[in-house]
Amino acid sequence: MPAMEEEAVANEAHHFLVVTYPAQGHINPARHLARRLARAAPGARVTISSAVSACRKMFGDAAAAGAGGELVDEGGVRYAPYSDGYDDGFDRAVHDSASYMTQVRVVGARTLAAVIEGLRDAGRPVTRVVYTLQITWVADVARDHGVPVALYWIQPAAVLAAYLHYFRGTGGVDRDIAAAAAARDRMAPVRVPGLPPLRLRDLPSFLAIADDDDPYAFVLDAFRDIVAVLGRGDSPTVLANTFDAMEPEAVASLRQHGVDVVPVGPVLSFLDAAKSGGGGGAITTTTSNDLFKQNDTGYLEWLDARPAGSVVYISFGSLSTMSRRQIAEVSRGMAASGRPFLWVLRKDNRGEADDVAIAGGVVVEWCDQVRVLGHPAVGCFVTHCGWNSTLEAVASGVPAVCVPQWTDQGTNAWLVAERLGAGVRAAVSEVDGVLEAGELRRCIDAATSEAVRASAAAWREKARAAVADGGSSEKNLQAYVGKIRAN
């Protein structure tokens, strides 16, 4: 029997269940990882489980039956949804986030158990559960069913190192962070063991929470739960969506403190498509399922008509709400720059600014960001620095103007601007956090300078080399799958 056939036969008994929090920033990397696992373990079965509400957005009427059914997307990835108790969707304007996290821990645990039992009864038993952030209860459900787990870390390794050392109090870093936060000194130096020098603004924003009554205190508790299990006898392997060349110090620090971290990134499906013959490096997409629908695709034709490197792409992600002043400042700054721009600005993210006039560029509700970043007309990306967007920009070689707002975004901006040199970090108003027109124009000029463009191009090659055959991340993932197969 040929070696590849023997490998496929050996993998047939394996079934990876990737469980994800029902948000765009969690589902996308989960889908990318599912495809990577399928490639790394030919013959194995890979299924994604997210909340019913998310599957309904992706599949429409096909998901109407709710939890327990199985769906398949255009890329061949299977879905078996669980219920989080909010099958009609979570509305931030109506529902309370802390209450949601309590509800999903109870309802989600029960319905995910039913998913695992249903797959077992159907002759497709789950052999490994991989879960994303904010849903640590998944590990308990898996262990109750005798299934080993892995944590899929979808933020930088530096962020995990910061949380680890903060909650463990390594070297007194927790006291240093608390003192800087109490003084409201975002530029205060903070030394995280094993990492280069940082400032408070470069750390995850949740570490600055000093009051249990803070509306996001529950998020910090969720990260505390993640850190609590690391380094124990039953500690999960951490599959990290980063790569060795990008974060060598953070990866080393985690390993030195007992975390079995496996860098497997950048986990991006378009890199896999290019590697397997998808156009010699051209960016393509393999599936159209998305939580947000495009209102039209005319922006692609518009990009086709723009000169190479001329367009500024602006997107602040799926969660940020932009104030009237912020929209006005971006619009004013782009008008002053004279550069063509493509701006993603969803109606539900415009806050009170529905009536603000925007001219001089193309504004869309949503777009295929991968295709936009891969388009030769795009020369700069003004971004909130969510980790998915950051990795897509790095792997596409597009310089970034970093405008971080919360959670891991400050660390991501530090990585891009200070460690990689592939972008610049914008200064925002001390009063309301708004990026003003003059600063936006200055940053775009800096980001499109020859030096930054050259650095961005170099990191594009390093990112792609990591996931290429024989690359560091590819070898790491193969070793992880091989260890599972051996056990």
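In the predicted model, helix 6 and helix 9 cross with left-handed geometry. The axes of helix 6, spanning residues 157-168, and helix 9, spanning residues 248-256, come within 8 Å and cross at roughly 40°, and the two helices are therefore oblique to each other. On the side of helix 6 the contact is formed by A157, A158, L160, A161, L164 and H165, and on the side of helix 9 by A250, V251, S253 and L254. Classified by residue type, this contact comprises eight nonpolar and two polar residues, with no charged residues.

The largest nonpolar core holds 120 residues, of which L112, V129, W153, Y163 and L203 touch the most other members; its largest share, nine residues, is contributed by helix 6. When residues up to four places away in sequence are not counted, L112 touches L17, V19, S49, Y82, W137, V138 and V141. A second, separate core consists of 21 residues, among them V312, M322, V330 and I444.

Several backbone features fall in loops. G265 and P266 are joined by a cis peptide bond with omega of about -5°, and P266 is placed in the loop between strand 10 (261-263) and helix 10 (269-275). Positive phi in a residue other than glycine is found at R184, with a value near 55°, and at T407, with a value near 45°. R184 lies in the loop between helix 7 (173-182) and strand 7 (189-190), and because its relative accessibility is 76%, R184 counts as exposed. T407, by contrast, which lies in the loop between strand 15 (400-402) and helix 15 (409-420), counts as buried because its relative accessibility is 12%.

Note on methods. Residues are numbered from 1 along each chain as its sequence is written. This is a predicted model: local features need pLDDT of at least 70, side-chain atom pairs count only at pLDDT 80 or more; totals for chains, interfaces and linings use all residues. Side-chain values use heavy atoms; hydrogens and water are left out. Axes are lines fitted to C-alpha atoms, for helices over the stretch in contact, and angles run from 0 to 180 degrees between N-to-C directions. Helices (H or I, at least four residues) and strands (E, at least two) are DSSP runs, numbered from the N terminus. Angles under 35 degrees count as roughly parallel, over 145 as roughly antiparallel, 65 to 115 as roughly perpendicular and the rest as oblique. A crossing is left-handed if the near helix is turned anticlockwise from the far one by less than a right angle, and right-handed if clockwise. Contact means heavy atoms within 4.5 Å. Ala, Val, Leu, Ile, Met, Phe, Trp, Tyr, Cys and Pro count as nonpolar, Asp, Glu, Lys and Arg as charged, and the others, Gly among them, as polar. A nonpolar core is a set of buried Ala, Val, Leu, Ile, Met, Phe, Trp, Tyr and Cys residues joined through side-chain atoms within 4.5 Å. Buried means under 20% relative accessible area, exposed over 50%, partly exposed in between (1.4 Å probe, protein chains only).
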